[in-house]
Amino acid sequence: MKLPTPPSDEQFTSRLRSAAVAARIGLWLGICFGLAFVTGVISHYAQNHSQPIPFPTSPSWGYRVTQGVHVVSGTAAVPLLLVKLWTVYPRLFARPPRGLRRLAVEGLERGSIGVLVAAAIFQLASGLLNSAQWYPWSFSFRSTHYAIGWVAIGALVVHIAVKLPVIRRALGADVDDTSQDRPNATRPGVLSRRGLLRTTWVASGVAVLATAGSTVPLLRNVSVFGVRSGDGPGGIPINKSARAAAVTASAVSPDYRFTVAYGDREVTLTRDELAAMPQATRSLPIACVEGWSAGGSWSGVVLRDLLDLVDAPRGRDVLVVSLQESGPYRETVLQGNFADDDRTLLALRLEGEELAIDHGYPCRLIAPNRPGVLQTKWVKRLEVQA
Amino acid sequence: MRATRAAVGALGVLAGAYGAWLLLSRQDLAQLTNAALWLASGVVLHDFVLAPVVLVVVAVVARVAPRHVQAPAVVALVVLGAVTLLAIPVLGRFGARPDNPTLLDRSYGTGWLVLAGITLAAVVAGALVVRSRHRPAVPPTERSPRGPRPGGG
């Protein structure tokens with residue numbers, strides 16, 4: 001058979017490729033991108049060292065929910081974007097208009113669509129790959145995904161502003177309305193327009209069900225494409241192993257000492273001494289930036305009790321230093337409101353058992369409403385900032 | 001209305017410009033080149049590989065499949081195609097690491113087969129229901145108000 005090589009949009013005659021369909025899918029696509037943008041900005045802010053407005057410590061499951069929504073809305077957007085692009089594909093081949101002024105206006109509009117499509121595909125693809133911990137690129141994921149997130153939402157807002165009259169007419173009329181269709185887009189499709197829309201919603205729903213189990217425990221057995229089954233020591237998966245962090249020796253060494261410092265005051269403790277301090281148990285989730293999360297029952301020393309050993313004043317940021325010798329999260333900043341929160345622990349145990357080395361033995365930070373990458377493992381030093 | 005649209009559009013331009021500045025100011029040239037390559041590849045892969053492939057597949061279905069099988073086939077293609085595409089990173093287990101057994105710890109191939117089986121079964125069941133409903137009536141018309149139903153899920 002002959003391959004179609006479309007030189008013009010007039011060769012696309014299906015009546016499914018209509019503004020009536022595009023606007024309806026676009027509405028949900030816009031909602032998904034809006035959710036992903038807002039939750040993405042929240043996640044980015046939560047990871048900032050400097051937080052002019054302190055990131056709240058409550059609810060403890062807040063970040064678990066926002067980051068879960070981030071990944072779920074991005075996943076749901078994949079089928080929506082594919083079908084949306086299918087409905088408007090003929091426009092790629094539309095002939096440019098005559099006249100310099102109209103040409104310039106159309107050029108600008110198509111340029112903005114180009115930016116939108118490139119940014120949208122990039123966000124979904126890079127986000128999906130990141131959630132599966134696949135990094136076949138050399139750019140910084142966090143910087144780039146964040147920056148392109150702004151580009152995508154900006155281009156989306158421009159697109160909505162440009163198309164607003166078309167969108168309003170399309171959503172105000174029946175889905176089978178043809179008043180905004182290209183004149184020759186009249187051939188009935190294999191599906192009806194409603195059929196195509198329902199199929200798209202089903203595809204989106206299946207995409208979510210097949211992946212969301214990594215963060216929604218109820219879906220664990222349904223999510224055949226979940227990046228994590230949820231298994232792991234103490235019922236919690238691992239992001240970075242002790243071997244990957246190169247701490248397999250230092251973490252179990254008898255020479256291990258934990259230090260808390262404030263100014264020229266320093267207190268050094270062995271792990272046994274940490275375990276001999278008053279212990280507290282807290283139910284707190286680990287919620288990873290990659291979108292998976294799991295709740296656990298952690299036991300250890302309330303972090304504030306450790307800061308009191310060196311008479312650190314309240315409200316001070318604390319530098320948390322890990323045994324690992326390299327990596328961007330070797331040192332993290334624990335903001336003052338988190339350091340003072342009664343739920344923040346230097347955890348020694350998980351689910352009543354000694355912390356597994358991959359979970360941060362000899363001790364790790366666990367705080368409420370905090371991105372997983374900042375729940376520092378293999379902690380060796382707390383430095384209260386001046 | 002016009003003023004509102006212009007204001008909203010300006011807001012969008014502002015947000016986009018902020019993103020562009022963020023992108024350009026935080027990484028070195030090699031990283032930026034790589035990011036640009038990825039940005040362009042997504043559009044090129046969609047517009048000139050995926051979209052034409054879909055055109056060809058739909059054309060083949062339209063030509064080869066019997067009329068009453070076409071709608072269910074397209075439904076199955078959309079659902080399975082989209083979900084398979086987004087499952088590529090886990091199906092290939094590209095991010096798997098020997099030191100971390102809790103990562104990518106499902107048998108994704110089996111999962112795909114199960115999903116494909118359920119999708120096909122649902123689509124076939126939906127098609128049978130639609131057929132049995134239409135049989136006593138006059139042959140289904142193209143522009144029936146509700147149109148052929150996709151069935152499935």
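Q: Which helix of chain B gives the most to the nonpolar patch?

A: Patches are built from residues with over 30% relative accessible area and no salt bridge; like charges are joined within 9 Å, and nonpolar side chains (Val, Leu, Ile, Met, Phe, Trp, Tyr) within 5 Å. Helices are DSSP runs of H or I with at least four residues, strands are runs of E with at least two, and both are numbered from the N terminus. In this predicted model, the largest contribution to the nonpolar patch comes from helix 2 (residues 29-64) of chain B, with six residues. The patch covers about 650 Å² and consists of Leu92(A), Val44(B), Leu45(B), Phe48(B), Val49(B), Val53(B), Val57(B) and Leu77(B).

Q: Before we proceed, what conventions apply to numbering and to the predicted model?

A: Residues are numbered from 1 along each chain as its sequence is written, while chains are lettered from A and ligands numbered from 1 in the order in which they are written. Because this is a predicted model, local features need pLDDT of at least 70, side-chain atom pairs count only at pLDDT 80 or more, and totals for chains, interfaces and linings use all residues; side-chain values use heavy atoms, with hydrogens and water left out.

Q: Where does Leu92(A) lie, and is Leu92(A) buried, partly exposed or exposed?

A: Buried means under 20% relative accessible area, exposed means over 50%, and partly exposed is in between (1.4 Å probe, protein chains only). Leu92(A) is found in the loop between helix 2 (62-88) and helix 3 (100-131) of chain A. Its relative accessibility is 33%, so Leu92(A) counts as partly exposed.

Q: How many helices and strands does chain B have?

A: Chain B has five helices and zero strands, and its pattern along the sequence is α-α-α-α-α. Of its 153 residues, 34% count as buried. Its accessible surface (Shrake-Rupley method, 1.4 Å probe; for residues, only the protein chains shown count as cover) comes to about 9000 Å², with 72% belonging to carbon and sulfur atoms.

Q: What is the nearest side chain of opposite charge to Arg106(B)?

A: For such a search, Lys and Arg count as positive and Asp and Glu as negative, while His and the chain ends are not counted. A salt bridge requires a side-chain nitrogen of Lys or Arg within 4 Å of a carboxyl oxygen of Asp or Glu. Arg106(B), in the loop between helix 4 (88-91) and helix 5 (108-134) of chain B, is buried yet has no salt bridge; the nearest opposite charge is on Asp105(B), 5.3 Å away.

Q: Which backbone oxygens does the side chain of Arg106(B) reach?

A: A polar contact is a pair of N or O atoms within 3.5 Å; within protein, one must be able to donate a hydrogen and the other to accept it, and residues adjacent in sequence count only if both atoms are side-chain atoms. The side chain of Arg106(B) reaches the backbone oxygen of Arg220(A) at 2.2 Å and that of Ser223(A) at 3.2 Å. Contact in general means heavy atoms within 4.5 Å. Beyond its neighbours within four places in sequence, Arg106(B) has contacts that include Asn221(A), Val224(A), Gly226(A) and Arg93(B).

Q: What is the N to O distance in the salt bridge of Glu354(A) and Arg271(A)?

A: Their side chains meet at 2.9 Å, N to O. Since Glu354(A) lies in strand 8 (residues 353-354) and Arg271(A) in helix 6 of chain A, the pair ties together parts that are 83 residues apart in sequence. Glu354(A) is partly exposed at 43%, whereas Arg271(A) is buried at 11%. Leaving aside neighbours within four places in sequence, the contacts of Arg271(A) include Tyr256(A), Leu348(A) and Tyr361(A).
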